[in-house]
Amino acid sequence: MLKNDLLLRALRGEKTERVPVWMMRQAGRYLPDYMKLKAKYDFFTRVQTPELAAAITLQPIDQVGVDAAIIFSDILVIPQAMGLEVLMEEGKGPSLPKVIQSQKDIDALNTADAAHHLKYVLDALSLTKKELNGRVPLIGFAGAPWTILCYMVEGKGSKTWDKAKQFAYTQPLLAHQLLQKITDITIDYLKAQVAAGADTVQVFDSWAGSLSPADFKIYAQPYLLQISDALKHHAPVILFPKGTWYALKDLAASSASGLGIDWCVAPKVARELTNNSITLQGNFDPAKLLAPIPEIRKAVKEMISEFGTHRYIANLGHGITPNVPVDHAKAFVDAVKEFGVAN
Ligand code: CP3
């Protein structure tokens with residue numbers, strides 16, 4: 001039994017005593033205890049060792065007081081499970097030495113047995129669930145097919161994702177084959193995460209905003225919808241296609257329970273576009289966490305007033321950055337908790 005199920009109730013559209021709050025990338029480099037483990041173990045050792053992943057997942061629950069835990073892992077475990085090498089270099093971000101370019105490359109990708117290849121994530125989820133002891137819900141996650149394609153084709157991060165887009169626009173049949181393969185393994189993987197203890201799952205489409213509205217509908221939205229349809233009887237799904245405010249109306253009609261939004265759309269506009277019919281999550285500018293604490297508190301109040309307290313999960317509009325002082329992150333969380341009772 002969960003002692004704090006605010007997040008799940010908000011996702012079900014139920015009234016809550018107060019607004020639930022968590023932060024994307026909350027288990028990470030702004031926390032001094034995370035940095036201690038980072039100094040000892042490389043990135044994928046931290047991800048692949050259930051005891052380490054569980055310990056990191058719990059840090060923001062204990063230290064910042066968020067209303068949900070998100071499992072410490074990465075979206076790039078899917079390319080690894082599909083057979084690609086992924087390196088995480090300090091200061092450089094992720095890189096994939098072999099990129100996807102041809103039919104042969106796609107044919108060689110594995111889509112079977114996600115639960116076997118990613119057993120360490122499932123073990124980390126079960127262990128975390130046990131250690132949480134019902135304190136807060138546990139969020140599982142995966143990258144969205146378009147965002148995973150971006151890394152598989154580009155081989156590293158990009159500002160424009162022009163190679164990934166070139167691949168899609170010049171070889172659309174191959175792009176759709178690849179997107180479908182990623183979708184298939186992701187669905188199995190997310191179902192396995194729920195079976196292992198995830199109470200809800202979030203799909204991160206971090207680079208959806210690199211596409212035009214028309215191309216989002218072709219290369220991203222159909223696969224997001226397949227995932228949410230496949231998971232809807234397993235757990236509530238939160239879709240976070242960053243930078244796609246124009247899609248809110250369509251996505252509000254999907255089987256997802258929640259939509260994550262970034263700070264480029266005003267809360268009232270997001271409510272109008274979704275007709276108050278779905279739970280919204282977001283959308284504090286992570287850089288605003290660098291403002292003086294009284295400013296953070298003021299901006300949080302404004303944000304909640306605009307969203308309203310019903311069908312709402314307070315969060316950032318993207319991941320927290322490493323330069324945020326812990327007391328500023330805590331001020332954000334406390335300001336949400338103090339906002340008052342739902343009416
Ligand atoms: O939210 C959480 O606290 C759970 C952990 C989590 C990580 N990555 C750990 C991580 C989650 C949910 C992710 C998702 C992820 N990974 C996304 C989608 C969310 C987003 O921010 O858009 C993306 C695009 C990735 C790919 C990735 N992993 C990048 C681009 C990088 C390097 C850039 C960076 O942020 O450092 C990573 C590495 C990574 N994943 C770190 C962490 C804590 C930092 C590296 C380290 O600590 O050694």
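Me: Which residues is Met152 in contact with, leaving aside its neighbours within four places in sequence?
Reply: Met152 is in contact with Pro79, Met82, Leu84, Leu96, Val99, Ile100, Leu178 and Ile182. Contact means heavy atoms within 4.5 Å.

Me: What kind of model is this, and how are residues numbered?
Reply: It is a predicted model, where local features need pLDDT of at least 70, side-chain atom pairs count only at pLDDT 80 or more, and totals for chains, interfaces and linings use all residues. Residues are numbered from 1 along each chain as its sequence is written, and side-chain values use heavy atoms, with hydrogens and water left out.

Me: Back to Met152. Buried or exposed?
Reply: Met152 counts as buried, at 0% relative accessibility. Buried means under 20% relative accessible area, exposed means over 50%, and partly exposed is in between, with a 1.4 Å probe and protein chains only.

Me: Where does Met152 lie?
Reply: Met152 lies in helix 9, which covers residues 145-154. Helices are DSSP runs of H or I with at least four residues, strands are runs of E with at least two, and both are numbered from the N terminus.

Me: How are two packed helices described?
Reply: By the angle between their axes and the distance between the axes.

Me: OK, what is the angle between helix 9 and helix 10?
Reply: They pack at about 105 degrees, with their axes 8 Å apart. Helix 10 is residues 162-170. The axes are lines fitted to C-alpha atoms, for helices over the stretch in contact, and angles run from 0 to 180 degrees between N-to-C directions.

Me: Roughly parallel or roughly perpendicular?
Reply: Helix 9 is roughly perpendicular to helix 10. Angles of 65 to 115 degrees count as roughly perpendicular, under 35 as roughly parallel, over 145 as roughly antiparallel and the rest as oblique.

Me: Which residues make the contact?
Reply: Helix 9 contributes Trp146, Leu149, Cys150, Val153 and Glu154. From helix 10 come Asp162, Lys163, Ala164, Lys165, Phe167 and Ala168.

Me: How many of those are nonpolar, polar or charged?
Reply: The contact of helix 9 with helix 10 has 7 nonpolar residues, no polar ones and 4 charged. Ala, Val, Leu, Ile, Met, Phe, Trp, Tyr, Cys and Pro count as nonpolar, Asp, Glu, Lys and Arg as charged, and the others, Gly among them, as polar.

Me: What does Ser210 contact, again leaving aside neighbours within four places in sequence?
Reply: Ser210 is in contact with Trp146, Thr160, Trp161 and Lys165. Ser210 lies in the loop between strand 5 (200-205) and helix 12 (213-219), and counts as buried at 18% relative accessibility.

Me: And Ile227, what does that touch?
Reply: Not counting residues up to four places away in sequence, Ile227 touches Pro145, Thr183, Thr186, Ile187, Leu190 and Val203. Ile227 is found in helix 13, residues 221-231. At 0% relative accessibility, Ile227 is buried.

Me: What about Thr111, where is that?
Reply: Thr111 is in the loop between helix 6 (103-107) and helix 7 (114-117). Its relative accessible area is 26%, which makes Thr111 partly exposed. Beyond its neighbours within four places in sequence, Thr111 is in contact with Met82, Lys181 and Ile185.

Me: How far apart are the C-alpha atoms of Thr111 and Gln180?
Reply: They are separated by 9.9 Å, and the two residues are 69 residues apart along the chain.

Me: What is the phi of Arg25?
Reply: Arg25 has a positive phi of about 60 degrees, although it is not a glycine. Arg25 is in the loop between helix 1 (6-11) and helix 2 (32-40), and is exposed at 54% relative accessibility. Asn276 also has a positive phi, of about 55 degrees.

Me: What kind of peptide bond joins Gly282 and Asn283?
Reply: A cis one, with omega about -15 degrees. Asn283 lies in strand 8, residues 279-284.

Me: Last topic, the whole chain. How many helices and strands?
Reply: There are 17 helices and 9 strands. The radius of gyration is 19 Å, close to the 20 Å that the globule rule gives for 343 residues, so the chain is as compact as a globular protein of that length. The radius is taken over C-alpha atoms, and the rule is 2.2 Å times the number of residues to the power 0.38.

Me: What share of the chain is buried?
Reply: Buried residues make up 57% of the 343 residues.
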